[in-house]
Amino acid sequence: MKNVIRVSQLKLKPDESEKKLKNMIIHTLKLPADAQIEWKIFKKSLDARHKPDIYYVYSVDVYNVIISGKNIALNDIIEGKITKKQKHKMQIKNASMACINEFDFPAKDVNYSLDSHKRPVIAGFGPAGIFAALKLAEAGLKPIVIERGEPVDERRKTVENFWNTGELDTESNVQFGEGGAGTFSDGKLNTMIKDTSGRIRCMLETFVEFGADPSILYINKPHIGTDVLGNVVSSIRKHIIELGGEIRFNCKITDILTIEKNSYRAISGIKIKNVKNGEEYELACDNLCLAIGHSARDTFEMLEKRNINMTAKSFAVGLRLEHPQSFINYNAYGDSAYKMPAADYKVTYQTEAGRGVYSFCMCPGGYVVNASSEKNMLAVNGMSYSGRNSGNANSAIIVTVTPDDYGNNGALAGMYYQRELEKLAYRYGDGNVPVQLLEDFRQDRISTGFGIVTPNIKGSYSFANLRNVLGTTISDSISEGVKGFAKHIKGFDMEDAVFSGVESRTSSPVRIIRNENCESDIKGLFPCGEGAGYAGGITSAAVDGMKVAERIASEYIKKVTI
């Protein structure tokens, strides 16, 4: 734990250099002009509420202060006792004591006997699986990762081929493979979860260590971009292997093996199939981190057959909506838009019928991508490169659905509902991404041409009536919601904005039940991340992966110390 002084509300105009922050810090702390300080940015956000006056707002952490060649105690600065002659106390606005809460993995420096205790196994190498594997590897546990898709470089080629030809690989695609679904996304790292443990900071620092831009440590809404994220993920994988971990690509779990122990079941192993050559084999394990992602539908079906405790959960469905990025920028920045980064937005609305409609996974300067993973079904997602410069902004416009909407007939009812929507999208788009202009969607008619918005879509697309995909209730809710959004973003409901669909994979349709120790009703089985229903996005999934890794490591500590 390291004490710092955190100085907040330091403002710079977009064209001002960050070098000015040093003098602003010295002035705020009432230090001599020639004082030397060690500091770094803690947080950077944008305040565009009072256009045309737009500012970047900084919080900075001051670690060390040197005056006349002497180190000054930070407590003395806060109390106004910079020198012995200054006895009075000063009120320092916007300054407070803070500390960096460094994530400390509990299994660190424990000597495990891996000869007598089986290595932990992780199913899935998305954000949850990656960080579970990394932390277990750093603890000396040499985890084995089972990933049905390809390494990221091969996966990129497979996905590009799908977008260009329509030839879908059901095992390696936008949903499956190294990095998970987040690899083909905007790479957003902001989250709504609260974390006092330091795991979020640990995740960000890890990304920076393996190639991400250091600015993600302090900007308000950090993102990496699909082009950078894949390279970072592959670097983390190489480090896991260096530490003794093992990654088995093109392999998927086909069954879970259990044994009866007194009054409970415990995991004893898994069955694995190599999806390239068809080879099947068994792998013994006492601890399995199930980080399978929200689209592993065949695995959900296997878990149901094995009577793993699961339940259906609410999620959201809808469409992607594209606008010109210049329009979104002007709304955010006004006449200053030309010199500002691609702007994002977040909008919510409640319909007269009481349904919530909201934007999700907004991609500034991004692309809509064909994110399908099953034959004869079609789903879309949003993706941005790090430069966010495609010319279009897109976001999912979605409506929450509950078991009351899709049927209370089992844990997988929501999954089957997703499939039905995707079958309809594939059918009405004739195998292509179905698209429709906003005004035509409102008027219940097929579009015949584009206006001011030409869609940026990875994969082929064709005109269709998306109301036939979503049905009346969801379609009417989206139509009403977009009109409501226009009260906050004037012109948001422009006639030429382009819908594409179907956005069906916003989150997992199931939750695999686990207890306070992150363990399911099967001893040694740890449901984890977004697929298990405990995360939503890269950051929360990574945090959950670390949390589950701690729990698994604690099992090995018990075996070593008993």
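Here are a few notes on a sheet and some aromatic contacts in this model.

1. Bear in mind that this is a predicted model: local features need pLDDT of at least 70, side-chain atom pairs count only at pLDDT 80 or more, and totals for chains, interfaces and linings use all residues. Numbering starts from 1 along each chain as its sequence is written, and side-chain values use heavy atoms, with hydrogens and water left out.

2. The open sheet has seven strands in the order β15-β16-β19-β14-β23-β20-β22, with mixed pairing. Strands here are DSSP runs of E, at least two residues, helices are runs of H or I, at least four residues, both numbered from the N terminus, and two strands pair if DSSP finds at least two bridges between them. β15 (348-350) and β22 (461-463) are at the edges with a single partner strand each, so one side of each lacks a neighbour in the sheet.

3. Y349 has V357 as its bridge partner in β16.

4. Y461 in β22 pairs with F450, from the loop between α11 (438-443) and β21 (457-458), so the pair ties together parts 11 residues apart in sequence. The pair is edge-to-face, at 6.0 Å centre to centre and 65 degrees between the planes. For reference, rings of Phe, Tyr and Trp (its six-membered ring) pair if their centres lie within 6.5 Å; planes under 30 degrees apart are stacked, over 60 edge-to-face, the rest tilted.

5. F315, Y406 and Y417 make up one aromatic cluster.
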